[in-house]
Amino acid sequence: MKHTILQVNASARHNGSVSRQLVSELVQSLSTSESSQIFHRDVASGIAVVNDDWVAANLTKKEDRSDQHVSALQTSDALIEEVRQADTLVIGVPIYNFGIPASLKAWIDQICRTGETFSYTENGPIGLLKGKRAYLVITSGGVGSGSEVDFATNYMKHVLGFIGIDDVEIIAADRLMFDGEAKLTAVRKSIKQLAA
């Protein structure tokens, strides 16, 4: 049975990025089968931000959308389809100034769409992307994962739950400015154990 993994990188750095390295190692551990298929999405390379044209298109019924509306939602449609196709998401979340990178927020804004990844009901919103698993690889220099100044981890868990992905595992390589080698050794050990 084919296992599809969506690998999302958000670090502004390509060389020397801890989050990129750990995401890559985790994906390798999870894709032990030859039937594994991996999609790569590097949001740091540029994701269009939501603008007036996007909002107008999104608020227009699908059957009434013009060519301009369709064009405005083209990126969003492609990003949503990647998430739909994935059984597992592995998302690198470097903490920048206590939160997530702007590029990752742009990706979130593109994939959170009513009628596509969530819907409103009498009892509130429900996520439409059930049955998936996500791993959040959290990296930081000084912010402790789960601390009162970590505005990235719970936000990402909430957003994923909002679109229906409740099975979320946190892999925290945090406070790397303090005994970073020991922390990375422990994180790499836990990554290897995931494939065991």
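Begin by selecting E116, which sits in the loop between α5 (102-111) and β4 (118-121). The model on screen is predicted. With a relative accessible area of 14%, E116 is buried, because the cut-off for that class is under 20%.

Next, display the surroundings of E116. Apart from neighbours within four places in sequence, its contacts are K62, I80, R84 and L128. The side chain of K62 makes a polar contact of 3.3 Å with that of E116.

Now select R84, whose side chain forms a salt bridge with that of E116 (2.6 Å, N to O). R84 belongs to helix α4 (residues 74-85) and E116 to the loop between α5 and β4, so this pair ties together parts 32 residues apart in sequence. R84 counts as partly exposed, at 33% relative accessibility.

The whole structure holds 12 salt bridges. For another of them, select E25 and R188, whose side chains meet at 2.9 Å, N to O. E25 is in helix α1 (residues 18-30) and R188 in helix α7 (residues 180-194), so the bridge ties together parts 163 residues apart in sequence. E25 counts as buried at 19% relative accessibility, whereas R188 is partly exposed at 31%.

Within helix α5, select D109 and K105, 4 residues apart, or about one turn of the helix. Their side chains form a salt bridge of 2.7 Å, N to O.

Finally, turn to the largest pocket, with about 220 Å³ of space. Of its 14 lining residues, R13, V18, P94, Y96 and T139 lie nearest the centre. The lining comprises 7 nonpolar, 6 polar and 1 charged residues.

Notes: Residues numbered from 1 in each chain as written. Predicted model: local features only at pLDDT ≥ 70, side-chain atom pairs only at ≥ 80, totals over all residues. Heavy atoms only, no water. Helix = DSSP H or I, 4+ residues; strand = E, 2+ residues; numbered from the N terminus. Buried < 20%, exposed > 50% of the residue type's maximum accessible area, 1.4 Å probe, protein only. Polar contact = N/O pair within 3.5 Å; in protein donor to acceptor, adjacent residues only side chain to side chain. Contact = heavy atoms within 4.5 Å. 1 Å grid on protein atoms, 1.4 Å probe; cavity = no way out; pocket = protein on both sides within 12 Å on 5 of 7 lines; lining within 4 Å. Points joined across faces, edges and corners; volume = space filled by probe spheres on them. Nonpolar A, V, L, I, M, F, W, Y, C, P; charged D, E, K, R; others polar. Salt bridge = Lys/Arg side-chain N within 4 Å of Asp/Glu carboxyl O.
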